[in-house]
Amino acid sequence: MVHKVREADLFESSVGLVERVLDTSIAEKIRSCIQCGTCSASCPTAYAMDYTPRWIIAALRAGQWERVLRSNTPWLCASCYYCTVRCPSGIEFTDLMYALKRLAIERGIYPKGSPVLYQAFTGTVDRYGRSAEVELMARYYLRTLNPWGLIKMAPMGLRMLLKGRLPLLPHRIEGRRELAKMLDYMRERGEG
Amino acid sequence: MAYTYYPGCSQEVSNRAYDLSTRAVAKALDIELKELKDWNCCGTSPSYSIRELPTFVLGARNLALAEREAGACDLVTICNGCFAMLEKTNLRLKEPDLRRRVGEVLSVAGLEYEGSVRARHFLEVLVNDVGEGLIRERVTMPLGGLKVAPYYGCQFSRPEGRYDDLEFPTALDRLLSWIGAEVVDYPLKAQCCGGLLMITKEEVALKLIRDLLALAQKRGAHCMATICPLCQLNLEAYQDRVKVRFGADLSIPILYFTQLLGLSLGLEGKALGLGRELVSAADILAPYLVVASREV
């Protein structure tokens, strides 16, 4: 397949761009990658990724961070840490995946809908201090406009309910006012 | 032995049996688990995926509360996700800049954290602190003849590997052997269950679950023992969908390791939350259940 080079890709290749978008420590580390592919071979979900972990590092080193962010790769990481513990260059690839997800949100560049579950999750945690599973699922399927997902969940939900395993009401921690204060403090400083 | 106990959100309702059986087992082994007062979400992987500082503040609030309550203590969890995140929070707080920023935010809520609390996983506490001698001594109902596939999932020994081998952990294998169970050889023991991908990328996660269940069946296991609530749910609740998707009936009971340990200590099924499984374990566990009249 002939790959057409887009102008944007060429622009992205400017030297030093990766350092500007990623933490210096991570940018420095990916320079030590020897492209052996151990990460890709260890990854249980690599087969479903637009670019495997080894490709991601190569693309980042070429400055193509936008192409990386547009890919589904960071959102397919299950955080199993096999790549991290096996990398001969000591690259903590799982943490790089987390950093890329955060960067994607900061820049607003990601495959449509990718962060919705994570955002719904933190929404419930910030409100109650603990996760609220039922509300989370409802919000997730509503926001992704996927009523079918919710319907498909119903039989399992019912079985869970019958076994007393469906948390219908969220647990609210006592210190949620203090928690809100801390979250506000971070938000005001642009760190939330 | 006394520890501060951090149950984790999933244990409140959906995996209540894990919490119940943990407390029951601890009591039977004279381990004091004192629940951390007003604990909050550990910080958790979904939060870390979209924001850094608030994630570590969430984790640090728990560590700070534990320190205030019990000083330099061990904070014991039963969820791999909580364990890994609390461990990561501690590790990252060694970085002076992050430590300063987290400290500043904690002070808004009148909290501070010196860094003296250790995150532990209950499995590892049982194996390393309680130990083989005492556990063997307390077993009254050895699980002879019960074939168990030991499943650790990802974040027990990875990424830090502080308490067990990174890729082939053995703590659960050893514990199960002490209580008389027949531990089947299960090389996928630390492979991934898919985690939250079960919600966002179901096709991908179902395949992982299929592989795990298929191997357990192939090795002749009667059940799988898990040490993480999310692994338990993914392995148990989606067996129907695995069947629809791959056409293979791989149904097998998925139990918390604490339930098996509890049975061997002669505890009653009810005290261990048995009966809440979606895939019934009644048949395979019948030989080991204490008859109620003997309890009186």
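Trainee: What domains does the domain assignment of chain B give?

Mentor: Domain 1 covers 2–121 and domain 2 covers 141–289 in chain B. Keep in mind that this is a predicted model.

Trainee: How many Å separate the centres of those two domains of chain B?

Mentor: Taken over C-alpha atoms, the centres of domain 1 and domain 2 of chain B are 25 Å apart. Their contact draws 27 residues from domain 1 of chain B and 25 residues from domain 2 of chain B.

Trainee: And what area do they bury between them?

Mentor: About 2100 Å² is buried between domain 1 and domain 2 of chain B, with 67% of it on carbon and sulfur atoms.

Trainee: Which residues in domain 1 of chain B lose the most area to domain 2?

Mentor: Tyr18(B), Asn80(B) and Glu87(B). Together they make up 26% of what the domain 1 side buries.

Trainee: Switching to chain A. How is that one divided?

Mentor: Chain A has domain 1 at 7–107 and domain 2 at 116–188. The C-alpha centres of these two domains of chain A lie 30 Å apart.

Trainee: Back to chain B, helices now. At what angle do α6(B) and α12(B) pack?

Mentor: Helix α6 of chain B, residues 122–138, packs at about 15 degrees to helix α12 of chain B, residues 257–264, and their axes are 13 Å apart. The two helices are therefore roughly parallel to each other.

Trainee: Left-handed or right-handed crossing?

Mentor: α6(B) passes α12(B) in a left-handed crossing. On the α6(B) side, the contact is made by Phe122(B), Leu123(B), Leu126(B), Ile135(B) and Arg138(B). α12(B) brings Phe257(B), Thr258(B), Leu261(B) and Ser264(B) to that contact.

Trainee: What does the α6(B) contact with α12(B) look like by class?

Mentor: Six nonpolar, two polar and one charged residues.

Trainee: What about α3(B) and α5(B), how do their axes cross?

Mentor: Helix α3 of chain B (residues 53–70) and helix α5 of chain B (residues 96–108) cross at roughly 70 degrees, and their axes come within 10 Å. That angle makes α3(B) roughly perpendicular to α5(B). The crossing of α3(B) and α5(B) is right-handed.

Trainee: Which residues make the contact there?

Mentor: From α3(B), Leu53(B), Phe56(B), Val57(B), Ala60(B), Arg61(B) and Ala64(B). From α5(B), Leu98(B), Arg101(B), Val102(B), Val105(B) and Leu106(B).

Trainee: And how many polar residues are in that α3(B) and α5(B) contact?

Mentor: No polar residues; the contact of α3(B) with α5(B) has nine nonpolar and two charged ones.

Technical notes
Residues numbered from 1 in each chain as written. Chains lettered and ligands numbered in written order. Predicted model: local features only at pLDDT ≥ 70, side-chain atom pairs only at ≥ 80, totals over all residues. Heavy atoms only, no water. Axes fitted to C-alpha atoms, helices over the stretch in contact; angles between N-to-C directions. Helix = DSSP H or I, 4+ residues; strand = E, 2+ residues; numbered from the N terminus. Parallel < 35°, antiparallel > 145°, perpendicular 65-115°, else oblique. Left-handed = near helix turned anticlockwise from the far one by under 90°. Contact = heavy atoms within 4.5 Å. Nonpolar A, V, L, I, M, F, W, Y, C, P; charged D, E, K, R; others polar. Domains from an automatic or database assignment. Buried area = accessible area lost by both parts, 1.4 Å probe.
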